[in-house]
Amino acid sequence: LLLAGDGPVDGLVDRTATDTQAVVARYQALRRDLENEGVWCGGEVLQPATSATGLRIRDGRVVLHDGPTVTTTHQLVGYYLVDCDDLDHAISLSARIPVAEYGAIEIRPVREHEAVMQGPAP
């Protein structure tokens, strides 16, 4: 689950919220719930987009630039890695994440690494 905020959001917490501590408590409770449900596999809050370094290879040379690589109206602020049975399960979990109330969540399955990352190179 890729978590994105609208505008100047610092991490997963909407700093414009009147009760930021209550929002933080919601995230903490949700993580405990996901752990207790056995679906939590990991996740982190990302540093602000301004801390990003973009990298591309052009004409065989590494080209770096400051800031996010992908331009969008949202800022990627974190991710949750959860073990869901299906898309409906992922949707129900995503709807419980507070950032959905002021940002967006992209639900994207992880590709099976055995098929993609292992074995001989093509």
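**Entry 1: Ser94**

I looked up Ser94 and found it in helix α2; helices (H or I, at least four residues) and strands (E, at least two) are DSSP runs, numbered from the N terminus. The model is a predicted one, in which local features need pLDDT of at least 70, side-chain atom pairs count only at pLDDT 80 or more, and totals for chains, interfaces and linings use all residues. Residues are numbered from 1 along each chain as its sequence is written, and side-chain values use heavy atoms, with hydrogens and water left out.

Is Ser94 buried or exposed? I read a relative accessibility of 5%, so Ser94 counts as buried. The classes are buried under 20% relative accessible area, exposed over 50%, and partly exposed in between (1.4 Å probe, protein chains only).

I then listed the contacts of Ser94, a contact being heavy atoms within 4.5 Å. With its neighbours within four places in sequence left aside, Ser94 touches Leu1, Ala100, Ile105 and Ile107.

**Entry 2: the chain as a whole**

I counted three helices and six strands in the protein chain. Their order from the N terminus is β-α-β-β-β-β-α-β-α. The protein chain has 122 residues, of which 28% count as buried.

Among contacts between residues at least 6 apart in sequence, 70% join residues at least 24 apart.

**Entry 3: the sheet**

I traced an open sheet of four strands in the order β2-β5-β1-β6, with antiparallel pairing. Two strands pair if DSSP finds at least two bridges between them. Which strands stand at the edges? They are β2 and β6; each has a single partner strand, so one side of each is left without a neighbour in the sheet. The twist averages 20° from one strand to the next.

I checked two of the pairings. Strand β1 (residues 2-6) and strand β5 (residues 74-82) are antiparallel over five bridges, and Gly5 has Gln75 in β5 as its bridge partner. Helix α1 packs on the sheet, where it touches β2 and β5, and its direction makes about 30° with that of β5. Axes are lines fitted to C-alpha atoms, for helices over the stretch in contact, and angles run from 0 to 180 degrees between N-to-C directions.

The pairing of β1 with β6 is also antiparallel, over four bridges. Here I found Ala104 in β6 as the bridge partner of Ala4.

**Entry 4: the nonpolar core**

I searched for nonpolar cores, each a set of buried Ala, Val, Leu, Ile, Met, Phe, Trp, Tyr and Cys residues joined through side-chain atoms within 4.5 Å. The largest has 16 residues; Leu1, Leu3, Tyr27, Leu34, Tyr80, Ile97 and Val99 touch the most other members. Both α1 and β5 supply at least two residues of this core, and α1 gives the most, with four residues. In soluble globular proteins, nonpolar side chains tend to be buried together.

**Entry 5: salt bridges**

Glu101 and Arg26 meet through their side chains at 2.6 Å, N to O. This pair links distant parts of the chain, 75 residues apart: Glu101 lies in the loop between α2 (87-94) and β6 (103-106), and Arg26 in helix α1 (residues 20-36). Glu101 is exposed at 58% relative accessible area, whereas Arg26 is partly exposed at 37%.

Arg96 bridges to Glu37, with the closest N and O atoms 2.9 Å apart. I placed Arg96 in the loop between α2 and β6 and Glu37 in the loop between α1 and β2 (40-45), so the pair likewise links distant parts of the chain, 59 residues apart. Arg96 is partly exposed at 33%, and Glu37 is partly exposed at 42%.

Arg108 and Glu106 form a further salt bridge, with 2.3 Å between the closest N and O atoms. Arg108 counts as exposed at 52% relative accessibility, while Glu106 counts as partly exposed at 36%.

Technical notes:
Salt bridge = Lys/Arg side-chain N within 4 Å of Asp/Glu carboxyl O.
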